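Subject: Handover of a structure and its findings

Dear colleague,

Please find the sequence and the structure below. My account of what was found follows directly after them.

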Amino acid sequence: MRHGKKFNHLGRTAAHRKAMLANMASSLIEHKRINTTVAKAKALKQFVEPLITKAKTENNQTTEKGTHNRRIVFASLRNKYAVTELFGAVAEKVGDRPGGYTRIIKLGNRLGDNADMAMIELVDFNELYNAGKPAKKSTRRSRRGGGKKAAAAAPVAETKTTDDSEE
């Protein structure tokens, strides 16, 4: 019975699984997106998102905290180039994001063995999805519906004033 076993073992021993996830996380950080199976992508998401949170600049305000977090991440990734990239470009891009740094997009089945394939990518590095979305406004919304009516009435008033000035 598998009571209380929360994560997918992926049919591998513990050492093989840790090495595989470390290699996949390094590739994801380096290339910003990789293709893999859906099960491995879900396992990789759980593995890499806490590492990205440790790399964010708000968690590394002092030298001691920054060094400690780098050592923790290096123990998991085992690749100093990936750690440098993570604490550099990736941490700078995801600085204002409160979580959800990766996205899994299902691609269909693999030809050879019909396995479910997926692409896992870092969300902030995909310009196609982020291009159409404007910057979020951080406004407080009330429960009353008066805001939409007032906003809709304002452009109508402007058009009437321009019509009066032309005649």
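E2 and E3 pair in the antiparallel sense, with 7 bridges between the two strands. Please note that this is a predicted model. E2 and E3 form a hairpin, and 6 residues lie between them. In the turn, asparagine 114 has a positive phi of about 65°.

E3 also pairs with E1; these strands run antiparallel and are joined by 5 bridges. Here arginine 33 has glutamate 121 of E3 as its bridge partner. Because 6 of its 7 residues are buried, E3 is largely enclosed by the rest of the structure.

The chain has 6 helices and 3 strands, which run α-β-α-α-α-β-β-α-α from the N terminus on. Of its 167 residues, 30% count as buried. Among the contacts with a separation of 6 or more, 56% are between residues 24 or more positions apart. The chain exposes about 12,100 Å², and carbon and sulfur atoms supply 53% of that area.

Helix H2 deserves attention next. Its 18 residues, 38-55, should span 26 Å at 1.5 Å a residue, and the end C-alpha atoms are 25 Å apart, which agrees. The buried residues of H2 include Val38, Leu44, Val48 and Ile52. Glu49 is also one of the buried residues of this helix. What covers the buried residues of H2 includes the helices H1 (14-31), H3 (63-77) and H4 (80-93), together with the strands E1 (33-37), E2 (102-109) and E3 (116-122).

In soluble globular proteins, nonpolar side chains tend to be buried together. The largest nonpolar core in this model has 30 residues, and those that touch the most other members are Leu28, Leu44, Ile52, Val73, Leu77, Leu86 and Val90. At least two residues of this core come from each of H1, H2, H3, H4 and E3. H2 gives the most, with 8 residues.

Which residues does leucine 77 touch, not counting those up to four places away in sequence? They are Ala22, Ala25, Ser26, Ile29, Phe47, Leu51, Ala82, Val83 and Leu86.

Isoleucine 29, one of those residues, lies in helix H1. At 0% relative accessibility, isoleucine 29 counts as buried, since the cut-off is under 20%. Leaving aside neighbours within four places in sequence, isoleucine 29 is in contact with Val48, Leu77, Ala82, Glu85, Leu86 and Val90. Isoleucine 29 and glutamate 85 are 56 residues apart in sequence, yet their C-alpha atoms are 7.1 Å apart in space.

Finally, please look at the loop between E3 and helix H5 (127-131), where asparagine 126 lies. Is asparagine 126 buried or exposed? Asparagine 126 is buried, because its relative accessible area is 6% and a residue under 20% counts as buried. A polar atom of its side chain lies 3.0 Å from the backbone nitrogen of leucine 128. Beyond its neighbours within four places in sequence, asparagine 126 is in contact with Arg33, Arg103 and Glu121. Arginine 33 and glutamate 121 are the bridge partners mentioned above.

A colleague

Key: Residues are numbered from 1 along each chain as its sequence is written. This is a predicted model: local features need pLDDT of at least 70, side-chain atom pairs count only at pLDDT 80 or more; totals for chains, interfaces and linings use all residues. Side-chain values use heavy atoms; hydrogens and water are left out. Helices (H or I, at least four residues) and strands (E, at least two) are DSSP runs, numbered from the N terminus. Buried means under 20% relative accessible area, exposed over 50%, partly exposed in between (1.4 Å probe, protein chains only). Contact means heavy atoms within 4.5 Å. Accessible areas come from the Shrake-Rupley method with a 1.4 Å probe; for residues, only the protein chains shown count as cover. The expected span of a helix is 1.5 Å times one less than its number of residues. A nonpolar core is a set of buried Ala, Val, Leu, Ile, Met, Phe, Trp, Tyr and Cys residues joined through side-chain atoms within 4.5 Å. A polar contact is a pair of N or O atoms within 3.5 Å; within protein, one must be able to donate a hydrogen and the other to accept it, and residues adjacent in sequence count only if both atoms are side-chain atoms. Two strands pair if DSSP finds at least two bridges between them.
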